Amino acid sequence: MKRSKGNYIVDVDGNVLLDIFTQISSLPLGYNHDAIREALKKEDNLSALITRPALGVHPTDDYFKWVESSLLSVKPGLNSVMTMMCGTCANENAYKVAHDGIYLVRSMIRYMVRSLICLGSLLLADDGV
């Protein structure tokens, strides 16, 4: 792995192979990316990687400043971010959020329909008096 670079992986026998899946997309920038290697030389980044608080549970004193300066600095119009441990966790939680959103919208529609029915009943009852 030390000799792997970009989208090319070098196996233990020295064979160079094109990894078109980049470790099932867990390495979108490829193997041994120079900028990532340079960033990991910084003690703060290394410590954050090794002991990162998943979902912000037991964060370090500078965790929120780090999130704001790194993740939120490139946000496409978002005001918050939720970190996950891995891609599987991210997908699972995305489905949960989508499900909760659908449930919320359905609940709001039911409430509005009931309110309109009640309002209609009151208006009809008022006409008869």
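Tutor: Of the 129 residues in the chain, 12% are buried. Buried here means under 20% relative accessible area, exposed means over 50%, and partly exposed lies in between, with a 1.4 Å probe and only protein chains considered. This is a predicted model, in which local features need pLDDT of at least 70 and side-chain atom pairs count only at pLDDT 80 or more, whereas totals for chains, interfaces and linings use all residues. Residues are numbered from 1 along each chain as its sequence is written, and side-chain values use heavy atoms, with hydrogens and water left out.

The chain contains 5 helices and 2 strands, in the sequence order β-β-α-α-α-α-α. These elements are DSSP runs numbered from the N terminus: helices are H or I runs of at least four residues, and strands are E runs of at least two.

Ser4 is buried, its relative accessible area being 2%. A polar atom of the Ser4 side chain lies 2.9 Å from the backbone nitrogen of Val10. Such a polar contact is a pair of N or O atoms within 3.5 Å; within protein, one atom must be able to donate a hydrogen and the other to accept it, and residues adjacent in sequence count only if both atoms are side-chain atoms.

Lys5 makes a salt bridge with Asp34, with 2.6 Å between the closest N and O atoms. Because Lys5 belongs to the segment before β1 and Asp34 to helix α2, this pair ties together parts that are 29 residues apart in sequence. Lys5 is partly exposed at 41% relative accessible area, while Asp34 counts as exposed at 53%. A salt bridge is defined as a side-chain nitrogen of Lys or Arg within 4 Å of a carboxyl oxygen of Asp or Glu, and the structure holds 3 of them.

The loop between α1 (22–25) and α2 (34–39) contains Asn32, and His33 is placed in the loop between α1 and α2 as well. Asn32 has a positive phi of about 50°, although this residue is not a glycine. Most residues other than glycine have a negative phi. The side chain of His33 reaches the backbone nitrogen of Ala35 at 3.1 Å, and His33 itself is partly exposed, with a relative accessible area of 29%. Between His33 and Asn7, which are 26 residues apart in sequence, the C-alpha to C-alpha distance is 9.9 Å.

Another of the salt bridges joins the side chains of Lys41 and Glu38 at 3.5 Å, N to O. Lys41 is exposed at 63% relative accessible area, whereas Glu38 is partly exposed at 46%.

Helix α5 (residues 87–127) holds the pair Lys96 and Glu92, which lie 4 residues apart, about one turn of the helix. Their salt bridge has its closest N and O atoms 3.0 Å apart. Lys96 is partly exposed, with a relative accessible area of 41%, and for Glu92, also partly exposed, the value is 41%.

The surface patches remain to be described. Patches are made of residues with over 30% relative accessible area and no salt bridge; like charges are joined within 9 Å, and nonpolar side chains (Val, Leu, Ile, Met, Phe, Trp, Tyr) within 5 Å. Glu43, Asp44, Asp61 and Asp62 form a negative surface patch. In the assignment of charges, Lys and Arg count as positive and Asp and Glu as negative, while His and the chain ends are not counted; the place of a charge is NZ of Lys, CZ of Arg, CG of Asp or CD of Glu. Asp61 occupies the loop between α3 (43–50) and α4 (63–70) and is exposed, with a relative accessible area of 76%.

A nonpolar surface patch consists of Leu29, Ile36, Leu40, Leu46, Leu49 and Ile50, which together have about 540 Å² of accessible area. Accessible areas come from the Shrake-Rupley method with a 1.4 Å probe, and for residues only the protein chains shown count as cover. Helix α3 supplies the largest share of the nonpolar patch, 3 residues. Leu46 lies in helix α3 and counts as partly exposed at 31% relative accessibility.
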